[in-house]
Structure formats: C-alpha cells, structure tokens
Amino acid sequence: MELSLSTRTVDHHTVLEVGGEVDVYTAPRLRERLVELVEAGARSVIVDLSRVEFLDSTGLGVLVGALKRLRAAGGTLALVCGHERLLKIFRITALDRVFALYDSVEAATAATDPDAGQSA
Amino acid sequence: MTLPDTTTTRPELSHLGQLERTAPTGSPERLRVLLIEDDPGDAFLVQELLVEARAPVDLEIATSVAEARSRLRSVDCILLDLGLPDASGLSGLRELLNETTGTAVCVLTGLEDEHLGIAAVGEGAQDYLIKGQVDGVLLTRALRYAVERKRADENARRLREAQLQQAESARLERGLLPQPLVDPSTAGLVSFYRPGRHRALLGGDFYDVVEVSPGRLQLLVGDVCGHGVEEAALGVTLRVAWRALVLAQVPDDAVLPALEQVLVSERRSEELFATVAMVSVDVPAGRATIRLAGHPPPVLLTEGRAVPCEVDPGLVLGVLPGMSCPAIEIDLPGSDWGLLTYTDGLIEGLGGDTYDRLGIEGLCALLNGYRDTVATPHELPRWLVGQAELRNGEPLADDVAMLLLNAGGAQW
C-alpha cells in the first residue's frame, strides 16, 4: 500500500497526517516532508499515525530523526497513535518512553503548548 | 534524393525485427528526436526526409546547444549538427554527453568533416551521418539503431553495477553471519538467515555466538534499522565489536553500553540505530540472562509449548545513548529447553486469519506443539519461516535471522 501525507495547522500546531505503510521504500518521503516542515519553521509538530497500517524500523528511524531535529531547533514532536498494533512496536522498542504518544490529535494539541518550544 | 520504397522488404529491415523488441505491441514505438541544427535549410531537409520515409518519429528542433539543454531529458535521441554557433567541433557533443546519461546521440557532419564524425563516435556518440548522403529510411534506421545501442550499453552498465553490488552484499553478508564459536557438546545451536523478498536490498540483521568458557555462552541477535550497504556495514561493525567485548570478558552489564558507544561513533547518520537481544547462558546451571535493546523477546520452548520471555525492554541502541538496559534471569528447565532468538522480520508479516500481523503471540501460537510438528531443532527455523510466509501470503519482505539454542543438542 502507498504512503499518504497531508499537512494541516491546528491551533499553531503543524499536524502531519500519515496513512498507509511506512517502510524502507516509503520512509524517505516521510523523512523529506518532516525535514521540509522543520526547515519551513514548524516547531510544534504532531505526526498523526492513526491511519498507518504498518510501520517498520526504518520508519521508526525517521521519527527518531525528526524528534532529534526538532529538539535541536527548540521544538517538540508529538505522535498520535491510538491503535494497539502500532503501540506494540513502540513498546517493544521502548520508544514509548522517548516519544510523547497521544490517542488523538485533540489530546496532543491540548497537552502541547505550541509556543513552549520557541521559548525553551 | 530518391524517394525510399517503404513497402518492399529490404535486407536492412531484418534488423528491425530485433530492434523493435522493446515495443512488442506490433507497431514500432515512436521515437522522440531532438534535432540541434542552426541552419533552417538543413533542419527542413531532415524533417522532409523523415516525412517521406513515414518514419514514426516526433521531431523537435533546437537551434543551439543552449536552447536544447532544457529538453534533453524528454527525448530518446539527439541529432546534433557539429557546426553550431555556440559549440563548434566536438565541444557541443562533450557538453551534451555530460548532461545526459540515457539519451542516444547521433552527429551530423559535412562530407569534408567525416573525420569529426568518427571522432564523435570515439567520444561516446552512437553514430554519425553525413549530410547529403542519407535518405529517409537510412536516417530512421540510424536513429532507431542509435537508441537501441544506447539502451544495450546502459543495460550492460547496470548489469555490471548490479554484479558489483551483489559481490559487495555477499562479502558483507559473510561478515554479518559468522561461524559460531561453540563446542557442540555444550548445547545444540541452529543458526538461520533468510534475506528479504527484495534481494537487492541488503538487510542489517546479524547474529553471533561465543562460548566464553566451558558451558558459558554469549548470544547476540541484532538488526540495524533500514536496508543498504551502510546499514549492513554497521551491522558487521557491531557484531565484531560485540565479539571482541565478550571475548575480552568485559562484564555483561557493560557490553551493551560499550556496543552503543561503538554504534554512535561509527554510524554515518544520526538516524541509524540498532535493536539487539543479548543472551548470556550458563548451561550447567540452567540459567539465562536476557538483555533487550528495543528487540523482541526470545521465546522459551519447553515441554512442547512456547512462551515469550518476559523482559522489560531497554531502549533501541543509538536513540538516547547512555540509557541502561535491564537484565532479567530465566530458568532453563532441566534438559528440556530451547531458546529461540530472532529478528523482527519473522513477526512483521501478515498474521493470517487470527492476527493482523503475526507478532509475538502469533509466533508462539505457531510454535505450540513444535515437538509433534517438527522432527528436530535443526528443521525448526526453516519450517517457521515457511509458516510465517504462508500466513503472510507471499515471501516475507524483511530479512529474518534466528538462533535456536537447544539443550538436547540435535534432538528435542
């Protein structure tokens, strides 16, 4: 299945909605888009993985890379991941302790102050 | 100029049967040709020749190399006049060859400049044509032949590249999958590796086993995220570093932190990380200590049942260097146990009717009753991959590495 990416802004947060499969073939496109967003000045990024069918270790690598890039720029990255299938992967890799994970975009926006990143 | 007869079969048309193989639908594929010619009279002549021959050619015209530059990539063949205002002699040809890789080039020379045509072929053009000495059929054939020759050259180049890459992959694979250093009387060991569906992508799975003292084994199974030479090379580095650390009898708790330091200092990109499972087994004492860095847990096989080892996972190596990796000890009951350590490629496939992805639960469900299904430990990994592929519906996408340590040696 293909990867789909769409970006919108919710209360000063940049929400990147990802759908389909994030694997060794499609992960470079996700990386590109995240780099573009950070370069364009996005500092509070929420990656919505609700419609992701499959995420492999290359995809995780891209998310970790984005987290590092955003932190270095004084920003924040939150992940929306409601379903168990994906949560399992975050648990096995213990990345659930590194990423801020939320059930929904609303929960992520409520928990993240869009300006917190810049002043930090 | 003579009007070519296109209806009778000419001897040179016997070539076309072969040349048209790339367009198996019957009619020859249309060629997109860019003529770079500053003389409107000569350009008109070329157009007329092609029309007369009813050649399946879409001709575009540029009057200089500069004007042609933006259109190079959208054509199959370039027909280049060697006497252009902005590029005389072979300089225009060199410029074009530098800027295109897959496009064929034919040059046009005057009768007195035939030596230039020969030199052009020496520089990389596919053919040369002498103005005034070519009819429409010959021109069409030369263009098509140039395109096919360029294609054949490109294919040969790609094949050479693929062969080199394959040799490189084979070298790296040998580095990733070593000869275990284990006395067969200590325990049975079955190692297994299966490259993923996309053979061209070298995976970063690796394993190693070292008997550090009689009855004491160290096992490692790991996976560098991503696929490619970079990842595989890092996998080899990690495996060899790990082997050196355990051979040097570095305390078990210090091995993975040191391995992470090696990863951080050797990786080319910040996005490269690795998951590993390290298992230290004291066979006479019937104890195993398991440390996981972002890796799925080993499965304990005993009394015909399969149970995942409950280990609090440590973080993937390379994400936040310096985090500690918890260790848990498990009992290996009597002489009836097997310990299966694997990479996630085994459990990432589709899970059939019951599970969305096979996962750890699906893996254990497959393994339950293993003693009745699989005659010997030696056959288990291959059988397991077969079952996983059956549920996946096609070969597994990712590489799979497995180590099965078995108390009973070659028997359950």
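Q: What should I know before I start?

A: This is a predicted model, in which local features need pLDDT of at least 70 and side-chain atom pairs count only at pLDDT 80 or more, while totals for chains, interfaces and linings use all residues. Residues are numbered from 1 along each chain as its sequence is written, chains are lettered from A and ligands numbered from 1 in the order in which they are written, and side-chain values use heavy atoms, with hydrogens and water left out.

Q: How much area do chain A and chain B bury between them?

A: The size of an interface is often given as the accessible area lost when the parts come together. Here the buried area (accessible area, 1.4 Å probe, lost on putting two parts together, summed over both) is about 2000 Å², with 57% of it on carbon and sulfur atoms. Chain A brings 26 residues to the contact and chain B brings 25 residues, where contact means heavy atoms within 4.5 Å.

Q: How many salt bridges are there between chain A and chain B?

A: A salt bridge needs a side-chain nitrogen of Lys or Arg within 4 Å of a carboxyl oxygen of Asp or Glu. There are 7 salt bridges between chain A and chain B. K88(A) and E361(B) form a salt bridge through their side chains, at 3.7 Å from N to O.

Q: Which element gives the most to the side of chain A that touches chain B?

A: Helices (H or I, at least four residues) and strands (E, at least two) are DSSP runs, numbered from the N terminus. At least two residues each come from β3 (44-55), α2 (57-72) and α3 (84-92) of chain A. The most come from α2(A), with 10 residues.

Q: Which residues touch the most other members of the largest nonpolar core?

A: In soluble globular proteins, nonpolar side chains tend to be buried together. A nonpolar core joins buried Ala, Val, Leu, Ile, Met, Phe, Trp, Tyr and Cys residues through side-chain atoms within 4.5 Å; buried means under 20% relative accessible area (1.4 Å probe, protein chains only). The largest has 53 residues, and those touching the most other members include W242(B) and V276(B). Its biggest contributor is α7(B), with 8 residues. A second, separate core of 38 residues includes V45(A) and L315(B).

Q: Where is E17(A) placed?

A: E17(A) lies in strand β2 (residues 13-22) of chain A. Its side chain makes a polar contact with that of R51(A) at 2.6 Å. A polar contact is a pair of N or O atoms within 3.5 Å; within protein, one must be able to donate a hydrogen and the other to accept it, and residues adjacent in sequence count only if both atoms are side-chain atoms.

Terms used:
Buried < 20%, exposed > 50% of the residue type's maximum accessible area, 1.4 Å probe, protein only.
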